[in-house]
Structure formats: structure tokens, C-alpha cells
Amino acid sequence: MLQQTTIPHATRYWVDFTARWPRVEDLAAAPDEAVMAAWAGLGYYARARNLLKCARVVADLGGFPETREGLQALPGIGPYTSGAIAAIAFDRPAAAVDGNVERVMARLLAAKGDWAEEKVRIRDEVEALVPDERPGEFAEAMMDLGATLCTPKSPNCLICPLSGLCAARAEGAPERYPIKPKRSAKPKRTGRALILVMDGKVRLERRPDTGLLGGMFALPSTEWDELGGDIAALCRAEGGEADSLAQIGEVRHVFTHFELRLEVWQADAKTRQPGDWRVPEDVHGLPSVFAKAFRLAYPSRPISER
DNA sequence: AAATCGGGGCA
DNA sequence: TGCCCAGATTT
């Protein structure tokens, strides 16, 4: 959950998951749809599919591998996570290099080279620093140093235990590090989503397992590109009445590599297409972009007003 | 090596 | 608006 995700955002999901599926065997036995719905809103949905795959492998193995190599062979467990588990859970001398540690080391070394190459050097340097005793505490100390003192914009060097060793501090401007390539601006795309209503129920689709929002529930929508697609054609294909088709608003949403403006349209259905039809109160598990769109038609009220 | 993949918080 | 976040996987 914490892969590229802040602790405040992930916490409520972690509480929910561990209460609902306390043991790895419980998660392994959970239906795919339940896990995907519980992950909705957390993003990077491949992580949810990998977590479930991982739980099933571990359940079949009868327990967790305890080495970095064994852990990294599991779905969704890469260099950082395998190192963190090996060190913290199993007391193995393994490095756990996350974004925090990369920043701490970039400053410590005043790393001026190509960032992709510097990341490799940083990993090697941290591997060499991992102690044989209490490697888990070393991993957490390095990450917490970055999270609490060696922060991205205004590092608190005055109380940093490493300030005397820090090359960036000696240069006088530690906040200049790490030096990363600038990102290009995100392209803008437009799409049109359809809230199709029949007998008080709304039609949902399931997106294909791979690609953007893979495996998640969704509102029917046109393709997302420069112009957006043909909403009238979509309405026809879904069995909606052309006369009832009307735009009710639009939402904006930022994805990893593009910005979306999604027009939200509504129509009445005349024939019931096969698929998932839900009363609004039963609509859960939508990823954020579709939750925003759905909320335009069915504003959710605070619990206190119910 | 570069692209893909979410979402929200913050200055 | 740009950058960041306890990255991993695919191309």
C-alpha cells in the first residue's frame, strides 16, 4: 500500500484490510472483486492484483520466504519491499532504499551525476552500510531521517545527526539535492462518461484486467483522447434513449501521465443490456475518477444527515 | 532505459 | 502548477 503512496492516505485502507482479512490465508481466500473494491481510491491497481496473487503464493508455500531473494520472487515485491521485509521482519542484513533514503544519500554524497546512475551508486553505498546487527532499525532510521529531518524542501540540518558528514550541507544548499531530470508537462485528454438509468438502477462495467484502472468497476465511457468520443453513439450502443441524453456536468482528474476532463452525461435506458445494474446506494468500489462523476448525479450526504 | 500505472497533499 | 510520496512491472 505504501509503494508511492503517503502514510495518511494508505492508513485507513490498511486498517480496513487487516481487520477484514487478518491472516494471509484469509486474504488468499478472498474473492478478487472484494479485494479490488476494497482497494478502490488507493490507486495503482496492479498493486491490489499483485497483493492477492502474493497472498495466494504465500499461503500455498505455508509461510513467507525469509530471504531477500525469496521475497523478491513474489508478485509485487521488488527491490525496496524485499529489502524492507527481510531487514525489518526477518532481521536479515538487507538494504531498503526508498525515496527518502535516496534523498538522504544524494545529499550525503552531493550526487551531481545523471540521476538514474546516481540511484545505482546510492543503492550500492547503502548496501555497504547495512550493519549485521539490527539491520531493521538501520532501515527504519534511514527512512525516518528522510521523512522527518532531511525533507525535500527545507531540511532541518541543525538537528541532523549526519550534518557533519554531509557533502551537500558543506556546500551550503542541501535542498538542491537530489538533482532529478525535469518532467515534461502532462498531455490533456477528454472523455465522456454515461450514467445510464433504468428502474432506478445505474449500469456499471468492469474494465479489463490490464491497463489503466485495470480490473475496476467503471461507468460506460467513450475513449479518452484529444477530442473525446461520440457520446450519442455510446448511448445508442448501450440501449439508451437518444431523446433523454443530456450532459449533467464535468469532472477533472489527474492520472500519472495525462490530465483528463471527463464530461458526465445521463440517459434513460429503454432496453436492459446485460451487465451490472445497481441502485445508487449499492455503488461502491469505483476508482476516484468515476466516483467523482457518479457523485454529480447522486451527491452523497454526510452520515450525520442521514 | 523509458514508459506505464493513481491519487491526494502541499508550497 | 510542479513536486513528492516506505515502487514494481512491462515495454
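How much accessible surface does chain A have, and what share of it belongs to carbon and sulfur atoms? The accessible surface comes to about 17,000 Å², with 53% belonging to carbon and sulfur atoms; areas come from the Shrake-Rupley method with a 1.4 Å probe, and for residues only the protein chains shown count as cover.

This is a predicted model, in which local features need pLDDT of at least 70 and side-chain atom pairs count only at pLDDT 80 or more, while totals for chains, interfaces and linings use all residues. Residues are numbered from 1 along each chain as its sequence is written, chains are lettered from A and ligands numbered from 1 in the order in which they are written, and side-chain values use heavy atoms, with hydrogens and water left out.

**View 1. Chain A as a whole.** The C-alpha trace spans about 70 × 50 × 40 Å along its principal axes. Of the 306 residues in chain A, 42% are buried (under 20% relative accessible area, 1.4 Å probe, protein chains only).

**View 2. Residues around DNA strand B.** DNA strand B is surrounded by 18 residues (a heavy atom within 4 Å of the strand); the closest are Thr5, Tyr45, Leu213, His253 and Thr256.

View 3. For His253, a side-chain N or O atom is 2.7 Å from a phosphate oxygen. At Gln4, a polar backbone atom is 2.8 Å from a base nitrogen.

Methods. Polar contact = N/O pair within 3.5 Å; in protein donor to acceptor, adjacent residues only side chain to side chain. Buried < 20%, exposed > 50% of the residue type's maximum accessible area, 1.4 Å probe, protein only.
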